[in-house]
Amino acid sequence: MIEKKRILFISDFAGFIGGTEKYIYSVAKFLKENGFVCDMIYRKKTLKFDIFESVFENCVDWKNATHLKDIKYDFATMHRTEDADFLEYALDNFSPTLFVHDHTYVCPKGYKYYPYKRINCERKYGRIACGLCSLAVPPRHFANGFSELVKRSFVEMPKLNSVAMRFKNFVVISNFMCDELVKNGVDKKRIHLLPAFVESFSQCKKDSTKPLKILFAGQHVISKGLHLLLESVAKMKEDFFLTILGNGSRTPYFKDIAKHLKLNEKIEFVGFVDNPVVYYQSCDVVVFPSLWQEPFGLVGIEAMANSKCVVGFDVGGVSDWLKNAENGIIVKRRDTLAFASALDKLACDSSLRKRLGKNGYSFVAENFSKEKFLKSFLELI
């Protein structure tokens with residue numbers, strides 16, 4: 001057991017609503033198991049709050065967190081918020097390290113690609129250029145009125161970015177996100193790389209029979225590239241069956257695409273699942289077809305921890321863990337024909353799938369274990 005230390009987490013949501021919240025819960029749970037005491041300050045409660053708060057000694061709304069200011073924390077981390085006032089509150093009262101999970105602090109829209117054509121943006125943040133870009137969106141984004149969007153783009157976002165850049169230290173989980181911060185003016189010496197970790201490992205030895213069993217796990221939003229995956233499998237020459245986990249506002253849209261491409265007999269939309277391990281273990285290959293510049297991509301290393309090879313587009317931090325021809329196949333972004341060819345190749349070669357899956361398991365065990373995370377975390381604090 002580690003000498004008892006006290007850790008503070010600060011973030012918008014307490015509950016399970018996205019990857020950031022899942023990460024906070026997993027880290028706090030693991031630290032608690034190793035003798036740490038963890039507290040949490042949030043702005044809003046969300047799904048399954050009772051489970052989420054169980055790993056914290058104190059899990060409180062920021063309006064009721066005055067008593068936590070008197071506690072001397074060994075390490076405090078500000079995770080994710082789109083509220084500049086909340087970010088400034090955290091900075092002024094707890095001097096935390098800023099954990100940069102995504103593009104929230106450098107892109108008004110958050111996903112760093114240009115509107116309509118959805119071409120990934122490589123620019124650093126600029127108030128005028130990025131503000132104008134964020135206004136070039138479909139009418140559905142004007143739900144709260146055009147004036148509110150203008151306010152968000154030209155008033156709130158510049159303040160959010162300005163406050164974020166005042167933090168003394170930053171944490172990221174990929175080299176890509178480190179480079180993004182450097183691009184936006186952060187001294188690399190102030191950035192710390194903290195490796196992600198996976199909850200469990202399984203050396204699955206199950207031999208699969210045709211058709212190729214493909215698994216997608218993720219939110220049903222455009223940025224996750226499910227439409228590109230559907231276009232890819234429609235171009236496959238080999239037989240397959242695609243299982244789709246997750247849900248989201250775009251689920252009906254993706255189902256329409258599947259119907260249009262006449263894929264209904266080859267696809268199952270399962271919905272959200274609490275524990276996807278059984279699906280990892282029963283598939284042949286996991287796909288990661290993201291369109292946006294993924295900060296990392298936890299699904300990929302979760303798949304490898306279950307001895308599965310991965311096919312993914314080369315975007316963002318994916319290349320931190322997906323090594324072409326070593327533990328999977330990495331494909332040029334948006335190239336659906338090449339994605340289909342990679343899947344066809346794996347469908348025809350079970351020994352290749354096993355080799356890549358075995359290599360992936362070893363790679364994750366070496367680089368993304370709980371033990372390595374804990375060692376890195378202790379060095380950080």
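Among contacts in the protein between residues at least 6 apart in sequence, what percentage join residues at least 24 apart?

Analyst: The model is a predicted one. Of the contacts between residues at least 6 apart in sequence, 69% join residues at least 24 apart.

The open sheet has six strands, in the order β10-β9-β8-β11-β12-β13, and their pairing is parallel. Its edges are β10 (267–271) and β13 (328–331); each has a single partner strand, so one side of each is left without a neighbour in the sheet. On average, neighbouring strands are turned by 20° against each other, direction ignored.

Helix α10 (residues 298–305) touches β8 (212–217), β11 (285–288) and β12 (309–313), and its direction makes about 170° with that of β11. Helix α11 (residues 336–347) also packs on the sheet, with β8, β11, β12 and β13 as the strands it touches; its direction makes about 170° with that of β12.

In soluble globular proteins, nonpolar side chains tend to be buried together. The largest nonpolar core here has 87 residues, and those touching the most other members are F9, L31, F56, I214, L242, W321 and L343. Helix α1 (residues 19–33) supplies the largest share of this core, seven residues. Leaving aside neighbours within four places in sequence, F9 has contacts that include I24, V27, A28 and L31, and also C38, M40, I41, F56 and H79.

As for the whole protein, its secondary structure comes to 13 helices and 13 strands. Of its 381 residues, 56% count as buried. The accessible surface comes to about 17600 Å², and 51% of that belongs to carbon and sulfur atoms. The C-alpha atoms fill a box of roughly 60 × 55 × 40 Å along the principal axes. The radius of gyration is 21 Å, which agrees with the value near 21 Å that a compact globule of 381 residues would have.

Key
Residues are numbered from 1 along each chain as its sequence is written. This is a predicted model: local features need pLDDT of at least 70, side-chain atom pairs count only at pLDDT 80 or more; totals for chains, interfaces and linings use all residues. Side-chain values use heavy atoms; hydrogens and water are left out. Two strands pair if DSSP finds at least two bridges between them. Helices (H or I, at least four residues) and strands (E, at least two) are DSSP runs, numbered from the N terminus. Axes are lines fitted to C-alpha atoms, for helices over the stretch in contact, and angles run from 0 to 180 degrees between N-to-C directions. Contact means heavy atoms within 4.5 Å. The radius of gyration is taken over C-alpha atoms; the globule rule is 2.2 Å times the number of residues to the power 0.38. Buried means under 20% relative accessible area, exposed over 50%, partly exposed in between (1.4 Å probe, protein chains only). Accessible areas come from the Shrake-Rupley method with a 1.4 Å probe; for residues, only the protein chains shown count as cover. A nonpolar core is a set of buried Ala, Val, Leu, Ile, Met, Phe, Trp, Tyr and Cys residues joined through side-chain atoms within 4.5 Å.
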